[in-house]
Amino acid sequence: MKHSDYNVLVVTQHYLNGVGGGIFASRAFINAFAEIFKGRVTLLCPSHKTTRPEGISPTVNIIEVEDKRPAIQKLIGVFLGVTHRYKSTFQKLIGEKFFDLIVFDNSRCSFGLIDLAHSHGSKVITIHHNYEYEYIRDNAPYLLKGASIYWTRKYESAAFGKSDLNLTLTDEDTRLLEENYKCSRKNPLCNALGAFESEKKNLPIIKERNKQSKTTFIITGNLSATQTIRSLNGWLKQYYPIVRKYFPECEFLIAGKNPSKGFMEKCESIGVTLIPNPNVMESLLEKADFYICPVSLGGGLKLRIMDGLKMGLPVITHSVSARGYSIFCEKGALFAYSSCEEFEEILRSLNSKSFDKKEIQKKYAEVFSFDNGVSRLNEILKAQHIIE
């Protein structure tokens with residue numbers, strides 16, 4: 001049977017509206033499967049009265065599932081390992097229609113469903129957005145951390161061991177999954193797919209900067225996310241003074257959603273311009289000379305770095321956030337550090353370097369375009385005999 005005749009079910013844990021790295025990646029994966037299996041993809045996704053999926057291919061049949069449990073029941077569910085809302089809907093759906101391939105977009109939403117999928121004769125793919133144990137360890141609320149870590153290891157291990165194919169965003173995630181989850185099935189298949197744009201679209205036009213302008217550094221991200229704000233607080237104390245040492249007259253911008261009042265006051269006190277909840281991030285990025293990603297917690301590929309590279313900006317990032325970007329290190333467009341000494345060496349060298357923004361953007365397109373991502377996915381599916 002040709003793969004164009006396959007029926008495919010994708011299950012995601014992400015609310016597919018708004019912005020955010022996980023949402024961006026999920027849209028891209030869903031749309032890539034929709035491109036390969038034209039008109040034959042069904043999507044199970046979470047919904048709420050005020051949220052509806054956005055940015056998904058119109059060829060996808062979307063089934064929204066609302067979690068109607070009261071808040072206290074949801075809280076108890078964290079301790080009991082209730083990781084998703086899909087079991088009854090999933091059972092009904094696969095009982096009514098045969099799916100050749102079932103794709104779980106995140107190991108959490110696969111928990112308890114992979115065996116059901118296999119019992120109906122479906123092949124299973126799990127997409128791991130990161131080594132989730134690492135992410136939960138650095139981001140879960142303190143009171144829920146123990147239970148969250150326990151169940152994360154349960155569902156991540158089950159997904160890795162039982163899936164017919166595991167896909168990751170980085171080679172580092174592949175290595176961590178293989179090292180930490182020994183399973184009964186020998187050598188589970190695992191391939192790094194990487195991240196990519198969620199649709200075909202033109203790259204932003206790079207405007208020439210006024211040579212008389214001050215050197216401008218920019219940091220962007222969700223300023224209410226645990227790993228971001230914890231990393232930033234430490235970075236501003238340890239690394240920001242080094243920036244001022246080598247670029248005393250520079251303009252330094254931080255932009256992102258939902259910063260706290262305390263963080264806004266901290267930025268003001270040290271001469272950092274904070275732009276809360278910007279309407280258009282691109283207009284800020286085009287004014288910058290360098291993009292900094294200070295996140296030193298969590299795992300996986302930090303998609304915010306893609307925003308900098310898309311605008312042709314050279315990137316300076318903590319080594320934890322450099323995962324998945326090795327090609328840009330090789331091309332001299334991304335610089336990774338893990339200590340103040342390494343960061344200082346990078347800053348010291350910047351004045352002697354020149355950067356071609358259009359060349360950086362060209363390399364970005366080669367790696368992260370939607371067409372490139374679809375091609376990579378298609379090649380992996382064929383090489384691992386998921387499709388003919």
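Let's start with a pair of helices: the axes of helix H5 (residues 132-139) and helix H8 (residues 226-238) come within 8 Å of each other and cross at roughly 65 degrees. Axes here are lines fitted to C-alpha atoms, for helices over the stretch in contact, with angles running from 0 to 180 degrees between N-to-C directions. This is a predicted model, in which local features need pLDDT of at least 70 and side-chain atom pairs count only at pLDDT 80 or more, while totals for chains, interfaces and linings use all residues. Residues are numbered from 1 along each chain as its sequence is written, and side-chain values use heavy atoms, leaving out hydrogens and water.

Who meets whom at this crossing? Tyr135, Asp138 and Asn139 in H5 are in contact (heavy atoms within 4.5 Å) with Thr226, Gln227 and Arg230 in H8. Sorted by class, the contact of H5 with H8 has one nonpolar, three polar and two charged residues.

Now step back to the whole protein chain, which has 16 helices and 13 strands. Both are DSSP runs numbered from the N terminus: helices are H or I with at least four residues, strands E with at least two. The C-alpha trace spans about 65 × 45 × 40 Å along its principal axes.

How is the protein chain packed? Of its 388 residues, 51% are buried, meaning under 20% relative accessible area with a 1.4 Å probe, protein chains only. Among contacts in the protein chain with a separation of 6 or more, 69% join residues 24 or more positions apart.

Key: Nonpolar A, V, L, I, M, F, W, Y, C, P; charged D, E, K, R; others polar. Buried < 20%, exposed > 50% of the residue type's maximum accessible area, 1.4 Å probe, protein only.
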